[in-house]
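Here are my notes for anyone opening this one for the first time. Have the structure on screen and follow along point by point.

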Amino acid sequence: MKYLTKNFAGAILAVFDILFKKRRPQDLLNLSKFADQAFGTFWLMMAPQLAEREVEKGVPALVASATGTIIEIGPGSGNQVSRYDRSKVTKIYGIEPTASLHPQLRENIKRAGLSDVYTIVPCGVQDVETLRRYGVDKEAFDTVLSVQVFCSVPNRKETAAALWRLLKPGGTMIFYEHVKSRDLISSKVQGMFFQL
């Protein structure tokens with residue numbers, strides 16, 4: 001129920017932001033822009049709680065094990081950026097389609113001292129043309145990192161295969177995912193927002 005309440009609150013805050021801060025009421029009629037803003041608002045409310053839980057599950061050590069040229073799938077607002085071991089990183093490409101999360105992500109990248117090596121790629125994994133414009137191509141990465149992203153990916157098998165093709169021979173894929181709750185109400189709410 002907590003997730004449903006927060007997502008509803010995210011939608012209400014997104015309407016407020018669009019109408020009164022940005023003063024762009026036409027964005028309410030653009031489902032894509034509104035969904036981006038609503039999800040971004042929801043995510044910014046949830047990110048600190050998720051980051052805390054990730055510590056208990058060992059996620060910081062997984063992120064710190066990423067090496068070389070890295071592609072981070074769905075960095076969101078940047079929960080993981082402070083967890084990279086800077087001495088092991090050559091370059092990071094963060095594939096993040098939710099534009100409303102980019103300002104917070106940029107701030108976290110700067111705070112982590114990664115501005116010189118971290119590039120935000122403003123698209124989803126399936127947008128091959130945009131990825132290529134940013135230099136994201138086959139066999140170009142030492143590490144693929146995905147933390148709590150695949151629950152919202154519609155074609156998981158195809159996406160995983162596409163990510164595999166981005167790895168250099170001998171590269172590493174690091175995935176961490178949450179699972180469907182055993183609690184009936186929580187699992188129903190998860191089903192409304194994620195494809196578990």
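This is a predicted model: local features need pLDDT of at least 70, side-chain atom pairs count only at pLDDT 80 or more; totals for chains, interfaces and linings use all residues.

1. Start with strand 1 and strand 2: they pair in the parallel sense, over six bridges.

2. Five strands make it up, it is open, the order is 3-2-1-4-5 and the pairing is parallel. Strand 3 and strand 5 each have a single partner strand and stand at the edges, so one side of each has no neighbour in the sheet. On average, neighbouring strands are turned by 20° against each other, direction ignored.

3. What packs on the sheet? Helix 6 (residues 156-166) does, and it touches strand 1, strand 4 and strand 5. The direction of helix 6 makes about 135° with that of strand 5.

4. Next, have a look at serine 65, in the loop between helix 3 (59-64) and strand 1 (68-73). Is serine 65 buried, exposed or partly exposed? Its relative accessible area is 37%, so it counts as partly exposed. Apart from neighbours within four places in sequence, serine 65 is in contact with Lys88 and Ile174.

5. On to the inside. In soluble globular proteins, nonpolar side chains tend to be buried together. Here the largest nonpolar core has 18 residues, and Tyr84, Ile92, Ile109, Leu114 and Tyr118 have the most contacts inside it. Elements giving two or more residues to this core include helix 3, helix 4 (102-111), strand 2 and strand 3 (118-121). A second, separate core has 17 residues, among them Cys123, Val149, Leu163 and Leu167.

6. Isoleucine 92 deserves a click of its own. Leaving aside neighbours within four places in sequence, its contacts include Tyr84, Leu114 and Tyr118, which are also on the list of residues with the most contacts inside the largest core. Isoleucine 92 also contacts Ile70 and Glu72.

7. Last, the aromatics: the count is one pair. The ring centres of tyrosine 93 and phenylalanine 141 are 5.5 Å apart and the planes are at 90°, so the pair is edge-to-face. It links distant parts of the chain, with tyrosine 93 in strand 2 and phenylalanine 141 in strand 4, 48 residues apart. Both residues are buried. The charged end of lysine 91 sits over the tyrosine 93 ring, 5.3 Å from its centre.

Key. Residues are numbered from 1 along each chain as its sequence is written. Side-chain values use heavy atoms; hydrogens and water are left out. Helices (H or I, at least four residues) and strands (E, at least two) are DSSP runs, numbered from the N terminus. Buried means under 20% relative accessible area, exposed over 50%, partly exposed in between (1.4 Å probe, protein chains only). Contact means heavy atoms within 4.5 Å. Rings of Phe, Tyr and Trp (its six-membered ring) pair if their centres lie within 6.5 Å; planes under 30 degrees apart count as stacked, over 60 as edge-to-face and the rest as tilted. A charge sits over a ring if NZ of Lys or CZ of Arg is within 6 Å of the ring centre and within 35 degrees of the ring normal. A nonpolar core is a set of buried Ala, Val, Leu, Ile, Met, Phe, Trp, Tyr and Cys residues joined through side-chain atoms within 4.5 Å. Two strands pair if DSSP finds at least two bridges between them. Axes are lines fitted to C-alpha atoms, for helices over the stretch in contact, and angles run from 0 to 180 degrees between N-to-C directions.
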